Amino acid sequence: MASTQSTRIRRAVQRYAASHEELRGVTDAYVALVTRLLDDAGINYLAVTGRTKSVESFAGKAARRLQGGRLAHPKPLTDITDQVGVRVVTYVLADVDAVAQLLASQLVVREDRDMGQETADAGRFGYSSRHLLVALDEERAEPGIPTSRPASVQIRTVLQHAWAEFEHDVRYKGSVSAEHAPDFDRRFTLAAGLLELADQQFSAIRDRHREELTSPAEGADDDPRISPTDLAAFLAGQFTDAGWSRTDHYVWISGLLLELGISSLSELREVLRDVDVESIEGHMGYRYPPGAVRRLDDALLSVYGERYVALHGNAHRIALLEARLGRLAD
């Protein structure tokens, strides 16, 4: 039996090694897809990265055994689901939930585990991360991603990410003696508790900042665009329930506003005065918390229609905007 299992493992590792280059392409395609979904939704994030499980790591996991000697993954090529990995790092906890909701609305979620909640339910502090196993179905086809190939997506705040990376580095790449292990455990637990408090304070700071934002003075005279800071403040008041968008997205849509001839907040306020926000929400059917820039994007699309689609700054997403415009017309 042991010889048969060893042969099965060896063959699985050989097949995995042979497909590794292809998997790297699938990983890149998933990273591009997740990034595009986040940008389209206007959800703020720090980074989206990917990794393809190494052949060595796959071999180690394929050979892992449970108590009693049974293989943990009897069919390694299908049982090991983190061959393609994507990681999304956000700034605050609320955005972790927003990213998870977005992916659930756009992809097939085969598994969803909140590792932080599981740790808390056990009465402990420790590893915190949202783990989703996602895939495509026949309704959503993406170049380079077979429907049979899932991806493991980790979603963390930047503080959760720092803790997890350092803990992994120490425990798995270093050498912790049995004598010092309890002290390391205590210190990592203490750090995890402090970081959870810090994450909560970051969320409170962002919420308070949004509440207190007011439109500041006009920006520099040599730039005709509405400044990103002014625009962020304006949108925080215009769409009070919207999430924070990435800084570069405020810059980008400020350029679109200038293409439309809108160079002041008073002009923008006038354009949005008669926009039916509830109607847009109904037609778009958001199943995730859209960011402020996405909300403005849809409002401008509803006002200007094809003229907005044809703007130079929208040249890279004409098909996407046309689809949205069709939904607004339904």
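Figure 1. In one of them, the ring centres of Tyr16 and Phe58 are 4.1 Å apart and the planes meet at 5 degrees, so the pair is classed as stacked. Tyr16 belongs to helix 1 (residues 2-18) and Phe58 to helix 3 (residues 55-62), so the pair ties together parts that are 42 residues apart in sequence. Phe58 is likewise assigned to the buried class, because its relative accessibility is 0%.

**Figure 2. A charged group over the ring of Tyr45.** The view shows Arg246, whose charged end is placed over the ring of Tyr45. The distance from this charged end to the ring centre is 4.0 Å.

**Figure 3. The surroundings of Thr90.** Thr90 is part of strand 2, which covers residues 84-90. Its relative accessibility is 0%, so Thr90 counts as buried. The side chain of Thr90 reaches the backbone oxygen of Val92 at a distance of 3.1 Å. When neighbours within four places in sequence are left aside, the contacts of Thr90 include Asn44, Tyr45 and Leu46, as well as Asp95, Val96 and Val99. Ile155, Arg156, Thr157 and Val158 are also among the residues in contact with Thr90.

Figure 4. Strand 2 pairs with strand 5 in the parallel sense over 6 bridges, and Val89 stands opposite Arg156 of strand 5. Strand 4 (residues 130-135) pairs with strand 5 in the antiparallel sense, over 5 bridges. Here His131 has Gln154 of strand 5 as its bridge partner.

**Figure 5. Confidence along the chain.** The average pLDDT of the chain is 87, and 88% of the residues score at least 70. Over residues 214-220, however, the pLDDT is below 50. Beyond near neighbours in sequence, this stretch has 9 contacts in the model. Where pLDDT is low, the predicted coordinates should not be read in detail.

Conventions: Residues are numbered from 1 along each chain as its sequence is written. This is a predicted model: local features need pLDDT of at least 70, side-chain atom pairs count only at pLDDT 80 or more; totals for chains, interfaces and linings use all residues. Side-chain values use heavy atoms; hydrogens and water are left out. pLDDT is the predictor's confidence in each residue, from 0 to 100. Contact means heavy atoms within 4.5 Å. Rings of Phe, Tyr and Trp (its six-membered ring) pair if their centres lie within 6.5 Å; planes under 30 degrees apart count as stacked, over 60 as edge-to-face and the rest as tilted. Helices (H or I, at least four residues) and strands (E, at least two) are DSSP runs, numbered from the N terminus. Buried means under 20% relative accessible area, exposed over 50%, partly exposed in between (1.4 Å probe, protein chains only). A charge sits over a ring if NZ of Lys or CZ of Arg is within 6 Å of the ring centre and within 35 degrees of the ring normal. A polar contact is a pair of N or O atoms within 3.5 Å; within protein, one must be able to donate a hydrogen and the other to accept it, and residues adjacent in sequence count only if both atoms are side-chain atoms. Two strands pair if DSSP finds at least two bridges between them.
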